[in-house]
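Dear colleague,

I am handing over the structure we spoke about, and below it you will find an account of what came out of looking through it. Please read the notes with the sequence and the model open beside them.

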Amino acid sequence: MTQSLIRCEWRGMAGDPVYEAYHDTEWGVPEYDSRALWEKLVLDGFQAGLAWITILRKRDAFRAAFDNFDPEKVALYGEADRARLMADAGIVRSNAKIDAAISSAKIYLAMRDRGEDFSEFCWGFTGGKPIQNRWTGFGEVPAQTELAVEVSKALKARGFKFVGPVIVYAWMQAVGMVNDHFVQCHCHERVKALVR
């Protein structure tokens with residue numbers, strides 16, 4: 001008899017192969033690549049007001065629409081690109097979120113040009129290592145933390161949009177700055193062992 005894996009109890013995940021694969025292989029895994037961190041921050045901004053699974057199912061379309069989240073290309077987007085994106089039914093069509101994505105590419109590049117590595121900036125808030133939490137259920141997991149508020153303020157100070165503390169905490173969870181897999185989840189210890 002095959003024993004099923006114990007996972008975090010995300011609403012709607014059980015039996016959804018896309019959601020389960022994301023949970024098992026990507027969510028909470030420490031991400032140190034600057035471009036990938038930026039892409040995930042942009043996608044979390046698009047999630048505002050929506051369920052993450054909506055963005056996850058549209059992620060390939062987002063990548064196609066935004067030139068694989070190449071900040072050099074996205075930063076050059078003009079009115080024709082904005083119109084193209086607003087007409088793309090494969091992504092979330094929001095003028096404010098599209099404008100925020102384009103603006104964030106410019107900010108990302110400006111940080112880089114000043115010698116400020118985005119990954120070092122992000123991971124500097126945790127001393128370069130993930131915070132290891134030990135949650136056992138949803139009632140324990142906060143929607144935001146004091147650290148998420150601090151990171152949110154720092155991102156906003158640089159001009160990023162759609163980076164409120166709730167969005168930032170979800171992003172911190174996704175990119176492994178915090179290990180919020182439940183302790184009973186089969187991913188908790190594996191992700192914990194990935195600390196640099």
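By class, the lining of the second largest cavity has 3 nonpolar, no polar and 4 charged residues. Please keep in mind throughout that this is a predicted model. The residues that line this second largest cavity are Tyr22, Glu26, Lys40, Asp44, Trp52, Arg59 and Ala174, and its volume is about 30 Å³. Helices α2 and α3 each contribute at least two residues to the lining of the second largest cavity.

The count of cavities of 30 Å³ or more comes to 2, and the largest cavity holds about 100 Å³ of space. Its lining is made up of Leu41, Val42, Gly45, Phe46, Lys97, Ala100, Ala101, Ser104, Phe160, Lys161, Phe162 and Val163, with α2 and α6 as the elements that give two or more residues to it. Divided by class, the lining of the largest cavity has 8 nonpolar, 2 polar and 2 charged residues.

Helices α1, α2, α3 (52-65) and α9 each supply at least two residues of the lining of the largest pocket, and the largest share, 6 residues, comes from α9. In terms of class, the lining of the largest pocket has 19 nonpolar, 4 polar and 6 charged residues.

**Aromatic rings**

The structure holds 17 aromatic pairs. One of them joins Trp38 and Tyr108 in a tilted arrangement, with 5.7 Å from centre to centre and 40 degrees between the planes. This pair links distant parts of the chain, since Trp38 belongs to helix α2 (residues 34-47) and Tyr108 to helix α6 (residues 95-113), 70 residues apart. Trp38 and Tyr108 are both buried.

Another tilted pair is formed by Phe118 and Phe160, at 6.0 Å centre to centre and with 45 degrees between the planes. Because Phe118 lies in helix α7 (residues 118-123) while Phe160 lies in the loop between α8 (146-157) and α9 (165-174), this pair ties together parts that are 42 residues apart in sequence. Phe118 and Phe160 are buried as well, and Phe160 is also one of the residues that line the largest cavity.

Which residues do the ring pairs link into a cluster? The cluster consists of Trp38, Phe46, Phe62, Phe66, Phe69, Tyr77, Tyr108, Phe118, Phe121, Phe125 and Phe160, so that both of the pairs described above have their rings in it.

**Salt bridges**

The structure holds 14 salt bridges. In one of these Asp24 is joined to Arg7, the closest N and O atoms being 2.6 Å apart. Here too distant parts of the chain are linked, with Asp24 in helix α1 (residues 17-25) and Arg7 in the segment before α1, 17 residues apart. With a relative accessible area of 14%, Asp24 falls under the 20% limit and therefore counts as buried. Arg7 and Asp24 are also linked with Glu20 in a network of salt bridges.

A salt bridge between Arg82 and Glu79 has a distance of 3.2 Å from N to O, and the two residues both lie in helix α5 (residues 79-86), 3 residues apart, about one turn of the helix.

Arg112 has a relative accessibility of 41% and so counts as partly exposed, while Asp113, with a relative accessible area of 58%, is exposed.

With best regards

Methods. Residues are numbered from 1 along each chain as its sequence is written. This is a predicted model: local features need pLDDT of at least 70, side-chain atom pairs count only at pLDDT 80 or more; totals for chains, interfaces and linings use all residues. Side-chain values use heavy atoms; hydrogens and water are left out. Rings of Phe, Tyr and Trp (its six-membered ring) pair if their centres lie within 6.5 Å; planes under 30 degrees apart count as stacked, over 60 as edge-to-face and the rest as tilted. Helices (H or I, at least four residues) and strands (E, at least two) are DSSP runs, numbered from the N terminus. Buried means under 20% relative accessible area, exposed over 50%, partly exposed in between (1.4 Å probe, protein chains only). A salt bridge is a side-chain nitrogen of Lys or Arg within 4 Å of a carboxyl oxygen of Asp or Glu. Ala, Val, Leu, Ile, Met, Phe, Trp, Tyr, Cys and Pro count as nonpolar, Asp, Glu, Lys and Arg as charged, and the others, Gly among them, as polar. On a 1 Å grid over the protein atoms alone, a cavity is a set of points where a 1.4 Å probe fits but cannot get out, and a pocket is an open set with protein on both sides within 12 Å along at least five of seven lines; lining residues have an atom within 4 Å of a point. Grid points are joined across faces, edges and corners, and a volume is the space filled by probe spheres set on the points.
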